[in-house]
Amino acid sequence: MASVRRIGGALYEAFIASRASQRSCLGIAFHKTNSVPTLSARQPIALFSSSSKPEPPKGKYINITLVDRDGDEHTVKAKLGSTLLEVAKEHDVEVEGACEGTLACSTCHMIVDPQWYPKIPDPITEEEHDMLDLAFGLTETSRLGCQIIVSPELDGLRLSLPKATKDIRNK
């Protein structure tokens, strides 16, 4: 608690010097209450990510065809800037995505149509290769849906889901 008071004192000094009613420093918000600033935690901010995801242009979509595990085709509108995992989930195509796109499993394994594989602008990383090594039904055009970001170059993309998934976290 003493270290918090020391840091708090330094932050208090910065607050007073700024003469602002609210100022943010290192994820802490200063609020002026009855002339005495108080500290409160702000909403967490993600500082690091496994993939940089640019903001999508509003209302821009492309067509993607997903072939599910039963062989049924789903041609869907995919919003630019979203991942293929997000697109599949949004359109109720059965993809597990157990790690929610954090590159910690292989349950969003997708098989890209061979003619489309070289056109994918997002290069495969060593981390993705490592996760794909654990995937069921691995092919030469396998990718993780959480690592491919929808872009205009992918308009018309065709991919399929393997017949099963394997999540090594559930032994």
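This is a predicted model: local features need pLDDT of at least 70, side-chain atom pairs count only at pLDDT 80 or more; totals for chains, interfaces and linings use all residues.
View 1. Side-chain values use heavy atoms, with hydrogens and water left out. Strand S6 (residues 109–112) pairs with S7 in the antiparallel sense over 3 bridges, where strands (E, at least two residues) and helices (H or I, at least four) are DSSP runs numbered from the N terminus, and two strands pair if DSSP finds at least two bridges between them.

**View 2. An open sheet of 5 strands, with mixed pairing, has the order S5-S4-S8-S6-S7.** Because S5 and strand S7 (142–144) stand at the edges with a single partner strand each, one side of each is left without a neighbour in the sheet. Neighbouring strands of this sheet are turned by 40° against each other on average, direction ignored; the axes are lines fitted to C-alpha atoms (for helices, over the stretch in contact), with angles running from 0 to 180 degrees between N-to-C directions.

**View 3. Strands S4 and S5 form a hairpin with 5 residues between them.** Strand S4 (residues 61–67) and strand S5 (residues 73–79) run antiparallel and are joined by 7 bridges, and the bridge partner of Tyr61 is Lys79 in S5. In the turn, Gly71 has a positive phi of about 90°.

**View 4. The model contains 2 salt bridges, each defined as a side-chain nitrogen of Lys or Arg within 4 Å of a carboxyl oxygen of Asp or Glu.** In one of them, Arg158 is joined to Glu73, with the closest N and O atoms 2.8 Å apart. This pair links distant parts of the chain, with Arg158 in strand S8 (residues 157–160) and Glu73 in strand S5, 85 residues apart. Arg158 is partly exposed, with a relative accessible area of 30%, a class that lies between buried (under 20%) and exposed (over 50%), as computed with a 1.4 Å probe on protein chains only. Arg143 and Glu128 also meet in a salt bridge (2.8 Å, N to O), which connects strand S7 with helix H3 (residues 126–132) across 15 residues of the chain; both Arg143 and Glu128 are buried.

**View 5. Ile64, Leu84, Val150 and Leu157 touch the most other members of the largest nonpolar core, which has 29 residues.** Such a core is a set of buried Ala, Val, Leu, Ile, Met, Phe, Trp, Tyr and Cys residues joined through side-chain atoms within 4.5 Å. At least two residues of this core are supplied by each of S4, S5, helix H2 (84–90), S6, H3 and S8, and the largest share, 4 residues, comes from H2. Leaving out residues up to four places away in sequence, Leu84 touches residues including Ile64, Met110, Val150 and Leu157, contact meaning heavy atoms within 4.5 Å.

**View 6. Gly97 lies in the loop between H2 and S6 and is buried, with a relative accessible area of 5%.** Beyond its neighbours within four places in sequence, Gly97 is in contact with Leu85, Lys89, Thr107 and Cys108. The C-alpha atoms of Gly97 and Leu144, which are 47 residues apart along the chain, are separated by 9.3 Å.

Definitions and conventions:
Residues are numbered from 1 along each chain as its sequence is written.
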